[in-house]
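The following report describes a single protein chain for a reader who meets it here for the first time. Please have the sequence and the model in view while reading.

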Amino acid sequence: MTKNRFYIFIIIGLLISNLLLVIFMLTRKPPHHSGPRDLIIERLHFDEKQIQQYDGLIQQHRMQIRQKEHEMMDAKTRYYSLLKNKDQKNGDSLVQQIGTISMETEKINFKHFQDIRKICRPDQLQDFDHLIDEFESLFAPGPKPPHER
């Protein structure tokens with residue numbers, strides 16, 4: 001009987017730990033902000049009018065970035081298709097085109113943040129500057145895989 005009691009205690013302990021795990025997972029709150037939009041609105045303390053202006057800026061920015069992404073994919077496709085041919089004389093110009101598109105994309109991103117700054121009230125500019133100081137850590141992709149460290 002002592003072996004049976006031991007197994008019963010183990011089974012009950014495992015059931016309780018599983019139940020606690022499920023309760024923890026169900027009651028855990030999601031992160032406070034769901035993306036850069038919400039983070040910027042929260043950090044800069046935008047009012048409703050500013051949020052509407054910011055949403056307009058986001059739509060414009062997304063449209064411009066989407067266009068550059070298509071241009072980039074087209075240029076990269078043409079560049080890598082040169083690997084199929086013996087004639088690779090256009091390679092340098094395509095690499096230059098890829099670099100130009102990348103530069104234009106960065107300029108679009110920079111202007112987007114200039115536009116965000118323009119909709120800030122004077123009392124929000126210090127918060128904007130703090131946001132820019134934290135820019136890399138806030139908007140960087142997740143942690144690198146172990147093979148890239």
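Ile 10 counts as partly exposed because its relative accessibility is 39%; buried means under 20% relative accessible area, exposed over 50%, and partly exposed in between (1.4 Å probe, protein chains only). This residue lies in helix α1, which covers residues 2-27. Together with Phe 6, Tyr 7, Ile 11, Leu 14 and Leu 15, Ile 10 forms a nonpolar patch on the surface, with about 620 Å² of accessible area in total. Such patches are made of residues with over 30% relative accessible area and no salt bridge, where nonpolar side chains (Val, Leu, Ile, Met, Phe, Trp, Tyr) are joined within 5 Å and like charges within 9 Å. A salt bridge is a side-chain nitrogen of Lys or Arg within 4 Å of a carboxyl oxygen of Asp or Glu.

This is a predicted model, in which local features need pLDDT of at least 70 and side-chain atom pairs count only at pLDDT 80 or more, while totals for chains, interfaces and linings use all residues. Residues are numbered from 1 along each chain as its sequence is written, and side-chain values use heavy atoms, with hydrogens and water left out.

The chain has six helices and zero strands; helices (H or I, at least four residues) and strands (E, at least two) are DSSP runs, numbered from the N terminus. Of the 149 residues in the chain, 21% are buried. The accessible surface of the chain is about 12200 Å², and carbon and sulfur atoms hold 60% of that area; these areas come from the Shrake-Rupley method with a 1.4 Å probe, and for residues only the protein chains shown count as cover.

His 45 is found in the loop between α2 (36-44) and α3 (48-81). The phi of His 45 is near 55 degrees, a positive value in a residue other than glycine. Most residues other than glycine have a negative phi.

The structure holds three aromatic pairs. Rings of Phe, Tyr and Trp (its six-membered ring) pair if their centres lie within 6.5 Å; planes under 30 degrees apart count as stacked, over 60 as edge-to-face and the rest as tilted. Two of the pairs are listed below.

| Pair | Centre to centre | Angle between planes | Class |
|---|---|---|---|
| Phe 46 and Tyr 54 | 5.8 Å | 70 degrees | edge-to-face |
| Tyr 79 and Tyr 80 | 5.2 Å | 70 degrees | edge-to-face |

Phe 46 is buried, at 8% relative accessibility, and Tyr 54 is buried at 3%. Tyr 79 is partly exposed at 27%, whereas Tyr 80 is exposed, with a relative accessible area of 52%.
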